[in-house]
Amino acid sequence: MLKEIYLPRFPNKKSYYLFLLLLICFAVVLRAIYFNGFFGSDDIEYNRAAFTLANGDFYLDSHHSKRLGLILPTALAFKVFGFSEVSSVLFLLICSIANIIIAFIAGTIFFNRDIGLLASLLMLFLPIDSIYATLLTPDLPLVTFISTSGILFIYTETHVKRYKYSLSFLTGLSIGWSYLLKETAILVLFILCIWILIITISHKKFEVSWLFIGLGFTLILLLEFGFYYYKTGNLFERLLTVNNATQGISRRLELTYNGALYKRLTYAIPYILLRGNYIFGFYFYLVPGGILYAILCKSKGLKYFIFWFISLYLILNFGSTSLKSYIPLLATQRHFYPLIFPGIIIVSFYLYDAYKGILAKNHAKTKKFCISLIAIDLIMIFLNLFEHTITDIMFCSLLSISILFCIYIITHHEKEIDKTRYLIPILLVIIFLHSFYVVRAENKSIRKLTHNERTAISIFGTPPRKKIYTDCATKGVLEYLYAYRYDNVIVDFTNTSVKDFSDCYIIINLENLVELNKFYGTNIPDFVKNPSDTWKITKKFTTPKGGSYIIMQAGKL
């Protein structure tokens with residue numbers, strides 16, 4: 001009776017799927033409104049490789065261009081729908097919607113449809129998912145395929161016996177495609193091996209179906225080897241390029257932490273998950289609360305997801321990207337994006353079970369829920385001692401008031417303990433509103449990243465009236481915006497002499513030049529600091545970080 005009064009009422013299975021469909025439609029609209037598109041970073045390489053492949057060739061310039069799990073679907077979208085900002089992120093948008101569906105399926109098969117809907121709702125509003133749904137990077141689809149492999153593995157171990165071999169094979173294929181998307185998927189395979197080892201030791205039995213996981217992964221690996229052997233004559237083309245790329249990671253780590261690697265291995269990751277620029281919203285604050293609640297309630301249903309979350313955190317935090325030397329992942333939000341899926345399942349069960357316990361006037365569960373909120377609040381208060389924003393203070397204050405209200409009801413009005421049920425929907429509304437704010441703010445910031453180049457094109461004309469000289473990063477942005485039609489007139493000026501500039505445009509993007517020099521050792525040409533007196537300034541801009549961006553014209557020599 002209580003459930004019928006206070007929880008959403010769905011009379012049959014069809015109603016659940018109809019509501020899920022409405023969530024998917026809303027997700028598409030949300031991602032369309034805050035469409036990001038091309039942002040002029042790693043997507044320069046991904047777009048170029050996909051465009052080249054769609055036109056019958058293959059571009060092999062960096063480790064980004066060798067991530068076939070992203071390049072192949074994007075090339076297919078270009079082939080079918082033509083080259084555009086929308087078609088370049090179509091695969092990402094499909095994966096973003098798939099994440100919502102996967103969250104619903106996971107919540108439903110391991111718990112119930114109510115938890116499934118709550119999980120899909122949380123995924124819908126997750127800021128990083130909304131933002132990355134229209135950015136061409138491998139991180140969002142990586143979450144899709146890693147999550148799929150994790151769910152398939154848990155499902156085969158806990159539910160099904162008849163289709164164990166085929167589902168294990170699909171698990172291997174999913175991990176294999178994750179590897180095609182990004183090399184860090186190998187770390188996930190390592191977690192799965194540990195998981196299998198623990199189960200083998202505890203049950204004193206090795207399942208033959210686990211070999212099919214390796215078979216599925218090996219099949220994908222052999223297909224990749226075959227592709228690169230056909231294109232380059234080298235089976236290990238990608239592995240060699242990735243090994244070179246790890247040296248760049250090592251340099252960035254050294255510059256970021258100045259030799260104090262312990263900072264990266266201790267508090268850097270908790271900081272970006274809980275604070276950073278809030279690309280994860282307030283979601284990760286709820287995860288430790290959910291884990292604590294599950295421990296206090298001795299909930300066995302979450303044990304696989306808690307193990308998944310903790311083991312994945314440890315391997316992503318402490319794992320090495322190189323076999324030759326210890327080089328951990330860079331401390332950026334997108335590298336730890338895969339943590340969000342087990343986190344969302346934990347949070348969905350936590351909020352649903354606590355809400356149901358409150359409605360049933362279960363004093364024990366209500367008290368444990370209150371303890372979990374106190375733990376979350378203490379984490380927030382601790383972090384706010386060092387740095388805070390208005391949204392931090394508001395959320396922390398609301399949480400503190402909620403806890404005080406909860407304690408008051410428990411200690412003075414036990415018979416009215418169900419009044420504390422309002423805390424959960426209020427907290428969810430605040431979290432979702434904050435997510436909207438984050439997505440909107442990030443969308444504005446991302447659109448600014450290529451604003452200067454988009455404006456510059458209106459100055460240069462289509463096609464460009466003169467040759468354009470600039471740094472390699474700005475060159476990549478302009479080539480994309482010109483749809484790769486005029487690559488021969490856009491030139492990297494790194495090794496160009498002043499005498500070579502005749503009747504052309506020169507773009508001096510000082511921010512790019514400094515970063516290229518800092519992280520890749522690229523020399524800054526002398527004419528950047530001392531341009532020729534004959535060059536005329538056409539337009540001056542400011543980059544998003546406040547750097548100088550100047551378009552100049554050189555006359556005929």
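User: Before we start, what counts as buried, partly exposed or exposed here?
Analyst: Buried means under 20% relative accessible area, exposed means over 50%, and partly exposed is in between, with a 1.4 Å probe and protein chains only. This is a predicted model, where local features need pLDDT of at least 70, side-chain atom pairs count only at pLDDT 80 or more, and totals for chains, interfaces and linings use all residues. Residues are numbered from 1 along each chain as its sequence is written, and side-chain values use heavy atoms, leaving out hydrogens and water.

User: OK, Phe-225: buried or exposed?
Analyst: Buried, because its relative accessible area is 15%.

User: Where is Phe-225 found?
Analyst: In helix H12, residues 209-232 (helices are DSSP runs, H or I, of at least four residues, numbered from the N terminus).

User: And what does Phe-225 touch, not counting residues up to four places away in sequence?
Analyst: Leu-235, Phe-236 and Leu-239, where contact means heavy atoms within 4.5 Å.

User: Switching topic, what about Glu-45, buried or exposed?
Analyst: Glu-45 counts as buried because its relative accessibility is 17%. Glu-45 sits in helix H3, residues 43-54. Leaving aside residues up to four places away in sequence, Glu-45 touches Tyr-59, Asp-61, Ser-62 and His-64.

User: And Ile-381, which helix is it in?
Analyst: Ile-381 is in helix H19, and Ile-381 is partly exposed because its relative accessible area is 37%.

Definitions and conventions:
Helices (H or I, at least four residues) and strands (E, at least two) are DSSP runs, numbered from the N terminus.
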